[in-house]
Amino acid sequence: MDLAHVTSIDCPSVFDSSSDNFFTADVTINNPSELIHSAQIIFRGYVCKGDRLQFEFFHEQQWVLVEPGGEQSHRAVVDVWLPRFPPSMKFPDGSEIIYSVRASVAPWFDNNYVEKKFEVRRSLILKMPHEASYAVEHMVNKCVEHGSILHKKCDPINGHISLEKTAFCHGEDIHVRWELKTEKSVIEHFTCKLAQLIEVRESDPSNYLATRRFFNFFKEQKSTKNSSISLVVPSECLISIPMSLWNVLVVKHHIVLEIKMQKRKQPVKHKRPREPVPVFKRVQDVDDDSDDDDDYDSEDEEEEPPRRDYSVDIEKLSVTNVTESEQKPLERADVGVTFIMNSAQPQELRSLRLLLTGEVRVGGLWYEFLRFKAIANLSHKTLLSPGEHDFRFQLPFADSQYDTSILPPTLGDEIRYMIHASTESLRKNVFQQRCELLVDRFIDTWAKEAYKPPYTEEYGATNIHLSQRCFKRGKHVIVALQGSDPRYVKGSLVQKKRLRVPNVKLDESYCSQRTVRVVEEEIRRKNHIHVMHIPFNIPPSIEICYWNVLQIDYHYDVEITLEGGHTHNHSIPIWIGCTEDNLLVPTQPDELLPENSLVVDEPYEELPEFEVVHSEDTHEHPYWVERINTDTYYQN
């Protein structure tokens with residue numbers, strides 16, 4: 001019988017941040033069978049170098065039901081905020097940012113999918129009035145090669161450098177004006193350059209904002225006049241990107257003015273703006289539909305000189321406890337931060353940073369599947385008194401950004417959610433406090449429905465029967481044994497776990513198996529009912545998971561020993577869920593003896609007494625003492 005399969009994917013080749021608010025794709029699936037299937041459609045964004053994946057930063061999933069009846073087209077739509085997405089591009093070291101959409105009817109670990117790549121273009125429309133639209137002036141007071149603190153050989157340069165504004169478009173002229181004077185040396189010429197700095201984040205478990213940098217100079221103009229130079233912004237120049245999703249990419253631009261002086265080998269450099277203008281900082285807040293939004297996570301403007309008159313120490317992190325009876329307990333979770341202001345006078349809280357990460361460790365591999373950053377700033381008019389203070393951060397599970405129903409649960413060192421707090425810029429990678437957020441599942445997926453019908457296995461003269469194969473954590477697995485002369489049963493609850501190892505083309509799997517619990521018992525009655533208690537602290541069965549991080553299956557292995565000594569083995573797939581299974585443990589009557597039957601005890605042979613034979617200096621033990629064991633001499 002032919003199975004359902006994906007025949008084609010159609011999506012726009014380019015998504016532009018100025019006009020698109022969704023990723024869309026039309027997937028055609030052929031289902032000639034008479035069964036209903038489900039297909040998974042994934043939009044991906046990742047950084048790679050050749051066929052080696054460096055890290056994923058976007059992995060949005062959608063599932064569609066595929067009805068029988070030939071080819072059908074399904075549209076997948078994902079709501080995205082493209083002004084925060086890094087654009088598709090290549091870097092000088094050969095790495096690149098790639099976006100794609102893939103669809104598959106088979107499970108993700110089969111790698112049987114159809115994929116199509118697309119591009120993301122980033123544009124920027126500033127909210128007006130923006131401070132980048134105003135003229136800026138940089139005062140120059142520089143001592144050149146004075147040689148010592150006495151300034152005997154000092155050759156000062158004084159004056160100013162000015163720009164009409166600091167926001168420009170492609171093809172626009174950048175007019176750089178200056179008036180500079182020297183006392184001793186004569187200026188030979190001026191060189192003006194447009195410099196571009198690109199920072200790309202790296203995947204590093206020890207540094208959450210580790211980056212590598214690339215410098216590029218686009219335009220260079222020389223002038224012998226002490227007045228001005230004009231530079232044209234080239235079309236191949238990237239737009240300024242002070243922030244992006246997951247801090248993947250930062251693009252900054254500078255105007256560099258070099259002054260070549262006589263009798264000086266190296267030119268004197270001045271950079272304007274000295275610090276890049278924060279694009280998401282404005283003179284006044286104007287609410288419109290432009291790309292510049294109030295919500296930002298840039299670290300550029302956070303690099304401030306240290307203050308020695310006071311300090312802030314974070315003493316404690318605490319996650320709000322949620323009750324297990326709630327259907328979605330993470331939606332009300334928040335983090336309390338207790339910090340101490342060490343100062344003599346009331347001071348302002350410059351910034352308090354929180355970083356939430358979801359991490360996976362698979363063997364020697366580490367990657368993130370969740371990253372959320374929050375920054376709390378108080379107005380300079382709000383001062384905090386010396387002493388202890390509390391602040392609460394709302395975790396991002398209350399909105400639709402994360403589907404808490406399919407988040408992978410905390411799984412020891414393999415899957416964990418970490419909360420980091422700091423009062424320093426995250427670039428410094430200094431966190432004063434850390435704590436773990438425990439995540440569990442409280443909702444079952446539709447896969448549970450397949451385990452609700454009764455189940456029977458027959459093997460020879462014995463058979464086992466289950467009224468259903470879905471059970472709740474903390475309750476019992478119930479198996480009815482039927483057949484001729486079973487004497488002994490051994491039940492084992494086996495957990496099979498699969499962790500995803502992402503790659504550019506073919507995802508790999510890290511599989512493991514362990515026995516959770518074993519129950520052995522002797523059968524003394526017909527139609528015996530075998531019962532095992534399920535531990536509550538094990539993760540439930542997982543078929544669908546966020547980012548396809550985890551898949552967990554359970555099997556119940558039953559080994560039945562018959563009267564002749566040979567065994568029958570059964571391996572039954574079961575579902576360990578989080579919701580009620582409506583099963584009660586049946587009571588089994590005691591074994592009944594037929595009328596006029598005699599109970600005959602097994603003959604008991606009394607063991608001989610210990611005896612020791614003394615033969616001069618030799619002490620010999622009887623031969624049977626060497627065969628002594630605890631079972632032989634144990635009496636009730």
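Leaving aside neighbours within four places in sequence, with which residues is R177 in contact? In the predicted model, these contacts are H160, I161, S162, E164, S227 and S228. R177 belongs to strand β12, which covers residues 173–182. With a relative accessible area of 38%, R177 is partly exposed. Its side chain makes a polar contact with the side chain of E164, at 3.1 Å. A further residue considered together with R177 is E137: the two are separated by 40 residues in sequence and, from C-alpha to C-alpha, by 9.4 Å in space.

The protein as a whole contains 35 strands and zero helices. Of its 636 residues, 46% are buried. The accessible surface amounts to about 34,700 Å², and carbon and sulfur atoms account for 47% of that area. When contacts between residues at least 6 apart in sequence are considered, 68% join residues at least 24 apart.

The largest nonpolar core holds 113 residues, and the members that touch the most other members are F23, F43, F57 and L249. Strand β32, residues 550–562, supplies the largest share of this core, with seven residues. Apart from this core lies another, made up of 22 residues, including I157, C192, F218 and I259. For F57, the contacts beyond four places in sequence are G45, Y46, V47, P86, I97, Y99, L245, W246, V248 and W547.

W246, one of the residues touched by F57, lies in the loop between β15 (228–232) and β16. W246 is buried, its relative accessible area being 8%. The phi angle of W246 is positive, near 60°, in a residue other than glycine. A positive phi of about 60° is also found at N429, which is not a glycine. N429 is placed in the loop between β23 (415–422) and β24 (433–437). Its relative accessible area is 21%, and N429 is therefore classed as partly exposed, buried being under 20%.

β13 pairs with strand β16 (residues 249–261) in the antiparallel sense, over 13 bridges. Within this pairing, F190 has I259 of β16 as its bridge partner. I259 is also among the members of the core of 22 residues. β13 is joined as well to strand β14 (residues 211–223), by twelve bridges, and these two strands run antiparallel. In β14, the residue opposite L194 is K219.

The pairing of β18 with strand β19 (residues 334–342) is antiparallel and extends over eight bridges. D313 has I340 in β19 as its bridge partner.

The other open sheet has four strands, ordered β25-β26-β28-β31, and its pairing is likewise antiparallel. Here the edges are formed by β25 (455–459) and β31 (529–533), each with a single partner strand, so one side of each lacks a neighbour in the sheet. On average, and with direction ignored, neighbouring strands of this sheet are turned by 20° against each other. β25 and strand β26 (residues 462–466) run antiparallel and are joined by five bridges. In this pair, E458 has N463 in β26 as its bridge partner.

Conventions: Residues numbered from 1 in each chain as written. Predicted model: local features only at pLDDT ≥ 70, side-chain atom pairs only at ≥ 80, totals over all residues. Heavy atoms only, no water. Core = buried A, V, L, I, M, F, W, Y, C linked by side-chain atoms within 4.5 Å. Buried < 20%, exposed > 50% of the residue type's maximum accessible area, 1.4 Å probe, protein only. Contact = heavy atoms within 4.5 Å. Pairing = 2+ DSSP bridges. Polar contact = N/O pair within 3.5 Å; in protein donor to acceptor, adjacent residues only side chain to side chain. Areas by Shrake-Rupley, 256 points an atom, 1.4 Å probe, with all protein chains shown as cover. Axes fitted to C-alpha atoms, helices over the stretch in contact; angles between N-to-C directions.
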